Amino acid sequence: MNTTALHRPAALAQPRTLERLVRGQATSDGAGVRLTRVLTHDLQRRLDPFLLLDAFASDDADDYIAGFPDHPHRGFETVTYMLEGRMRHRDSAGHEGLLSAGAVQWMTAGRGVVHSEMPEQQDGRMEGFQLWLNLPARSKMSEPWYRDIRPQEIPEWHGEGVTARVIAGRTHGVAGAMQREGTEPLYLDLHLAPGAVFEQPLAASHNALVYVYRGAVAIGEAPVPTRHMGILAAAPASDGVRVAAGAEGARALLIAGRPLGEPIAQHGPFVMNTRDEILQAVEDYRSGRLG
Ligand code: CO
């Protein structure tokens, strides 16, 4: 492929720069699912309104087969994006669904759900991501809600050497499968041919990250290798981000949102604004009033 043909005149006047490269931490969660915690607790303030990003990818069933049996959530939203494999979810409100490759589950825990997320396969590859998106204080005790988004319901934008799957927000005139007021999340899955360049306008006040899961990209001159997150720095005049694929092409998540600027109090699967609200969540769960 002639990579120079993929370069187009720059539309952004002042793209963001790479502030920091994050490797993520190997950990396990649920009943012993091995995963990489990319967005860790110490980055919640910096990447407000995002609270957590986990990446899981394995060909070994031992790494995922135990799944995530019944557990509670309160005060935020979970966005699960499957690349490979199948995961079944059930919750305390009687909802059930099957996430297959390319699908998204968007769940608003609100005042509380108890749910399970279990692999529906005995072998083969399981790969995907779970993102936690905070809720504003006024919405933390809202009614629980969820939507299973089938692969064909996720709009795509196609540019030169670029396919963007638009999970949330908007790119190049294409509205994503989900829109959210308040945090205005942008969630793109970018498939970039070798040398391809993708540009996305972003409000300078929004926090943004890129997570590379195949190949490598550059933000300005700074490389972001595979299985790394780049935190994107914004100057007051920053107008967006330019993501350039390396010689092997790349696949990457581009995630951005408007910070809430509210206190964050977390205890495991509960994310509220104050310690008292956390104690209440624990008490409600213990007494069966959460699900
Ligand atoms: Co969960």
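How many salt bridges does the count come to? The count comes to 22 salt bridges. The model is predicted.

## Salt bridges

With Asp-284, its closest N and O atoms are 3.3 Å apart. With Glu-283, the closest N and O atoms of Arg-289 are 3.9 Å apart. Asp-284 is buried, at 8% relative accessible area. Glu-283 is partly exposed, at 38%.

Asp-48 and Arg-45 form another salt bridge, with closest N and O atoms 3.8 Å apart. Asp-48 is buried, with a relative accessible area of 4%. Arg-45 is partly exposed at 46%. Elsewhere, salt bridges join Arg-86, Arg-88, Arg-90, Glu-96 and Glu-120 into a network.

## The cobalt site

Which residues supply the protein donors of the cobalt ion? They are His-71 (NE2), His-73 (NE2), His-115 (NE2) and Glu-117 (OE), at 2.1 to 2.6 Å from the ion. Along the chain, the donors are spaced H-x1-H-x41-H-x1-E. His-71 belongs to strand S5 (residues 68–73) and His-115 to strand S10 (residues 113–119), so this pair ties together parts 44 residues apart in sequence.

The angles among the 4 donor atoms run from 82 to 175°, and the site is irregular. A tetrahedral label needs all angles between 85 and 135 degrees, so the range of 82 to 175° rules it out. His-71 is buried at 16% relative accessibility. His-115 is also buried, at 1%.

## The open sheet

The sheet is open and has 7 strands. Their order is S2-S3-S4-S11-S6-S9-S12, with antiparallel pairing. Strand S2 (25–29) and strand S12 (145–149) are the edges. Each has a single partner strand, so one side of each lacks a neighbour in the sheet. Neighbouring strands are turned against each other by 20° on average, direction ignored.

Within this order, strand S4 (residues 50–58) pairs with strand S11 (residues 126–134). The pairing is antiparallel and spans 8 bridges. Phe-50 has Leu-133 in S11 as its bridge partner.

## Aromatic pairs

The count of aromatic pairs comes to 7. Ring pairs join Tyr-81, Phe-129, Tyr-187, Tyr-211 and Tyr-213 in a cluster.

Conventions: Residues numbered from 1 in each chain as written. Predicted model: local features only at pLDDT ≥ 70, side-chain atom pairs only at ≥ 80, totals over all residues. Heavy atoms only, no water. Pairing = 2+ DSSP bridges. Helix = DSSP H or I, 4+ residues; strand = E, 2+ residues; numbered from the N terminus. Axes fitted to C-alpha atoms, helices over the stretch in contact; angles between N-to-C directions. Phe/Tyr/Trp six-rings, centres within 6.5 Å; stacked < 30°, edge-to-face > 60°. Donors = N, O, S within 2.8 Å, 3.2 Å for Na, K, Ca; no water. Tetrahedral: all angles 85-135°; square planar, octahedral: opposite > 155°, others 65-115°. Buried < 20%, exposed > 50% of the residue type's maximum accessible area, 1.4 Å probe, protein only. Salt bridge = Lys/Arg side-chain N within 4 Å of Asp/Glu carboxyl O.
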